[in-house]
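Please look through the sequence and the model below before reading on. The notes that follow are grouped by topic, so that each can be checked against the picture.

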Amino acid sequence: MLKVNNIDVFYGNIHALKDVSIEVKESEIVTLIGANGAGKSTLLKTLSGLLKPKSGTISYLSQQINGKQAQSIVKSGISHVPEGRRVFSNMTVEENLELGAYLRKDRDSIKKDIANVYELFPILGERRKQQSGTLSGGEQQMLAMGRALMAKPKLLLLDEPSMGLAPLIVKQIFEIIQMVNQQGTTVLLVEQNANMALSIADRAYVIETGKIVLSGTAKELQESEQVKAAYLGAL
Amino acid sequence: MKKSKAFWVYIIFALVIYTIVQVMISGGSLDLYYQNILIQMCINIMLAVSLHIVIGITGQFSIGHAGFMAVGAYFSAIATMNLGLPFTVALIIGAVAAGLAGLLVGIPTLRLKGDYLAIATLGFAEIIRIVFLNIDYVGGAAGMVVTNMTTWTYAFVGVVLTILVISNFTNSRHGRGAISIREDEIAADAMGINTTYYKVVAFTIGAIFAGLAGAIYSHNFFIIQPTTFNFLKSFDILIYVVLGGLGSLSGSVIAAIFLTIVSAYLSNFPETRMIIYSLVLILVMLYRPTGLMGTKEITHLFKFGKKGGSKV
């Protein structure tokens with residue numbers, strides 16, 4: 001579904017991603033784990049068009065999308081939940097969801113999809129008229145995910161959904177990610193919480209200082225000594 | 001349906017104010033001095049509202065608004081004085097010229113964020129001012145003599161038009177896009193909103209109405225000089241918007257009215273005027289950090305129609 005071939009991304013002089021190649025297949029959950037500053041978020045931003053790769057190609061549904069504008073990438077079915085939630089805090093929950101469907105013109109099915117999001121996240125339905133800045137961290141994360149789902153993505157890019165949340169909420173969020181996946185959305189999940197991420201993923205990549213250093217099925221990586229030592233806290 | 005009702009309430013409200021003032025003018029109870037203050041007030045409201053769409057709605061911190069006012073003022077003055085065109089045509093020429101200048105300045109600078117954008121827009125406004133300062137065709141530093149053509153009617157129609165266009169923009173789909181940029185640009189990008197496009201559109205609309213205000217201004221004062229449009233003028237406009245509350249159209253209208261009255265009564269003591277200005281700003285920022293109205297509109301208080309109240 002998504003194929004990234006040898007991309008290099010720079011921030012000015014800083015070489016943030018070095019010759020990175022990954023692949024995401026239809027209806028998978030693929031996770032990308034790595035430490036702070038490894039380039040996880042950079043990769044997601046490049047996929048959604050917020051950053052442009054200097055070299056290499058990104059193909060999505062056998063179309064090249066590297067260098068395309070963010071809005072045409074969203075239109076083609078890739079939706080990005082940015083790191084740190086970034087809800088539109090002076091708008092209500094419902095307005096946030098409506099903005100998620102900004103590029104869609106089908107008013108009736110937008111209404112239906114808002115109802116679907118409320119079904120997936122009942123707490124958002126209760127707070128539909130509330131200013132989203134007043135939601136708790138977990139609720140904001142749910143809203144950010146719901147907002148991204150409003151674009152009807154085929155591929156959902158999630159950037160650290162567990163950031164700063166209580167373990168119980170993290171568990172809830174991960175259950176919802178699995179549910180979304182079962183409903184037919186492919187998920188690329190960036191995480192620091194390697195344990196949780198590997199437990200729901202089909203396959204995984206480990207990224208270190210801009211390079212992919214390991215890849216395999218989630219199971220394989222869970223057993224790998226290297227991953228255990230670096231991310232899972234080996235005993 | 002709801003929208004068109006608000007639209008008519010707004011139009012009727014505007015007509016009522018216009019009629020009252022017009023009757024007072026023809027009845028002789030408002031002499032030229034007060035008429036001039038009213039026109040000044042209208043110009044300031046237009047400037048405030050046109051900057052509101054850039055800073056309050058789209059969240060782009062531009063402090064070079066006087067530059068676009070200068071473009072409007074000079075181009076319309078050239079049209080009437082040197083080319084002998086009618087005033088109405090000159091107003092349109094001023095607005096369009098300023099809009100083009102806004103487009104030209106906006107496309108390169110709106111990639112910048114925050115402080116950098118502020119400095120760049122300030123720089124552009126100074127460039128515009130210095131260009132006029134060095135063109136003898138428009139009088140250079142001595143300024144350009146312009147016949148007085150502005151009447152209360154022109155100024156008021158300008159205000160009504162400005163508020164109508166900008167509040168319609170805000171309540172449209174495009175306005176939503178612009179507000180989402182103010183709220184969080186990265187998230188807006190990730191939602192597929194063409195942020196560059198909306199920033200440039202908002203900036204250009206703002207410049208157009210600043211130009212219209214400039215055109216009305218230049219035909220009200222007998223003379224225009226480049227020094228009028230220096231960065232202090234930009235800050236005056238910025239003060240209206242910040243004092244009124246970033247994101248509130250009626251707030252910037254109220255602040256423009258209020259500060260015009262204050263500075264009119266203090267016009268004999270320019271130094272005191274600046275002290276009072278600063279004091280007012282400090283006090284408002286201390287006790288109401290979000291401005292007089294915050295992001296709310298006056299209609300949220302009364303629950304009818306839209307548009308900021310007027311204390312005329």
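Two strands are said to pair if DSSP finds at least two bridges between them. With that in mind, the predicted model shows in chain A an open sheet of 4 strands, which are antiparallel in their pairing and stand in the order S2-S1-S4-S5.

**The sheet and its helix**
- The edges of this sheet are strand S2 (14-24) and strand S5 (63-64) of chain A, each of which pairs on one side only.
- Strand S1 (residues 2-11) of chain A is joined to S2(A) by 7 bridges in the antiparallel sense, and Val4(A) has Ile22(A) in S2(A) as its bridge partner.
- Strands of a sheet pair through backbone hydrogen bonds, and this pairing is either parallel or antiparallel.
- Helix H1 (residues 40-47) of chain A lies across S1, S2 and strand S4 (55-60) of chain A, and H1 runs at about 70 degrees to S2(A).

**Chain A as a whole**
- The secondary structure of chain A consists of 10 helices and 10 strands.
- A compact globule of 235 residues would have a radius of gyration near 18 Å, and the 17 Å of chain A agrees with this.
- Of the 235 residues in chain A, 46% are buried.

**Where chain A meets chain B**
- In the contact between the chains, 18 residues of chain A meet 14 residues of chain B.
- Helix H2 (70-75) and helix H3 (93-100) of chain A each supply at least two residues of the side that touches chain B, and the largest share, 4 residues, comes from H2(A).
- By class, this side of chain A has 10 nonpolar, 6 polar and 2 charged residues.

Methods. Residues numbered from 1 in each chain as written. Chains lettered and ligands numbered in written order. Predicted model: local features only at pLDDT ≥ 70, side-chain atom pairs only at ≥ 80, totals over all residues. Contact = placed C-beta atoms within 7 Å. Nonpolar A, V, L, I, M, F, W, Y, C, P; charged D, E, K, R; others polar. Rg over C-alpha atoms; globule rule 2.2 N^0.38 Å. Buried ≥ 20, exposed ≤ 12 C-beta atoms within 10 Å, placed from the backbone. Axes fitted to C-alpha atoms, helices over the stretch in contact; angles between N-to-C directions.
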